[in-house]
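Open the model in your viewer and keep the selection panel at hand.

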Amino acid sequence: MRASDWVFDLLLALTGLIFAYLIAQIFFVVPDAQLSAGGIAQKIFYFHFPSIFCGFFLSIFVCFAASAGYLASSTEWTNSLARGSADCAVAFGAVMLVSGMIWAKRAWGIWWTWDPQLTTALLTVLIYLTVVILRTFSEDGAAERRFAAVLGVLGAVNVPIIRYSVQKWGGNHPVVLRKGGAGLSDPAMVEALRIGFVAMALLCILFIWLRTERYVLRSRLVRVDEEALSRGLDES
Amino acid sequence: MQSSAPSSVKSHNALPEGFVKVEGGATEQVSETTSLLLAYTAIWLILMAFTLATWRSLRSLRAHAARIDRAVGQLPRTPQ
């Protein structure tokens with residue numbers, strides 16, 4: 001067993017334990033919030049918020065760094081990392097949007113509103129979805145890779161826009177932990193949020209790891225396939 | 001039912017208050033509980049689907065790699 005396999009298994013076990021602890025904390029320790037925040041439904045927050053910062057934004061940051069790295073050096077690994085993290089950005093973006101919509105239905109009475117923060121977040125998910133679709137349905141040539149890498153870099157520009165849209169343009173989205181927000185009143189709420197951050201960050205790292213490995217392996221197989229065909233082996 | 005109509009959405013530039021602990025638990029448990037269960041089910045479904053898709057894809061690629069290994073092993077070891 002390789003050292004990286006040991007590290008992966010260790011991270012996987014740790015992530016599972018932390019998620020189990022998080023769920024126990026949320027359902028048995030954290031108190032209910034006020035009705036205007038959704039009452040019990042406010043407990044969606046402990047997955048929703050970490051999935052944004054430690055899932056969606058972390059994936060975007062990795063995609064940005066890897067895409068910039070690919071544009072600078074054009075290595076197979078940076079391309080695979082950029083592609084894998086774009087996949088993860090879409091997955092965590094879906095978690096963010098779906099959990100947010102269900103919570104909004106309870107707290108605001110509507111599934112969706114064209115609030116600046118919600119709209120910019122949706123647009124960012126769509127940008128990374130475009131990257132995923134582009135890479136899935138196009139040839140894996142140098143031009144396609146560079147175009148996807150440019151989109152991966154440009155998509156990250158939206159992150160500070162999402163972050164500061166509430167302060168700049170107002171809207172309905174709560175400002176809880178930022179300047180001007182009222183914060184979390186109970187220590188158990190703060191503790192659950194911290195655990196949520198750690199759990200979601202670990203899950204995000206594991207996902208990016210697996211997706212990157214997938215693309216590295218895939219590109220190696222393509223090369224081996226081509227070499228095998230050139231040496232007279234058929235595809236079977 | 002509190003906050004059930006679209007008109008209950010707060011006006012722009014009004015920063016909503018944070019989360020505060022309430023004594024005795026919140027009321028209207030059914031609707032809130034349904035929302036909570038729905039959200040957690042959706043979150044786990046998305047994450048599980050992503051995990052499953054990744055796992056299946058990796059398994060398929062590893063099987064492909066094994067097939068290639070076998071095929072390469074059957075090649076005559078003669079210089080090109």
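Angles between axes under 35 degrees count as roughly parallel, over 145 as roughly antiparallel, 65 to 115 as roughly perpendicular and the rest as oblique. This is a predicted model: local features need pLDDT of at least 70 and side-chain atom pairs pLDDT 80 or more, while totals for chains, interfaces and linings use all residues. Residues are numbered from 1 along each chain as its sequence is written, and chains are lettered from A and ligands numbered from 1 in written order.

Select α1(A) and α7(A). Their axes (lines fitted to C-alpha atoms over the stretch in contact, angles 0 to 180 degrees between N-to-C directions) come within 9 Å and cross at roughly 150°. The two helices are therefore roughly antiparallel. Residues in contact (C-beta atoms, placed from the backbone, within 7 Å) include A:Phe8 and A:Leu11 in α1(A), and A:Leu206 and A:Trp209 in α7(A). The residues of this contact divide into 18 nonpolar, 3 polar and 1 charged; nonpolar means Ala, Val, Leu, Ile, Met, Phe, Trp, Tyr, Cys or Pro, charged means Asp, Glu, Lys or Arg, and the others, Gly among them, are polar.

Next, select A:Cys204. Leaving aside neighbours within four places in sequence, its contacts include A:Cys54, A:Leu58 and A:Phe92.

Last, select A:Val159, in helix α6 (residues 158-169; helices are DSSP runs of H or I, at least four residues) of chain A. Buried or exposed, or in between? A:Val159 has 17 C-beta neighbours inside 10 Å, so it counts as partly exposed (20 or more is buried, 12 or fewer exposed). A:Val159 touches A:Phe57 and A:Ile60, not counting residues up to four places away in sequence.

Notes:
Contact = placed C-beta atoms within 7 Å.
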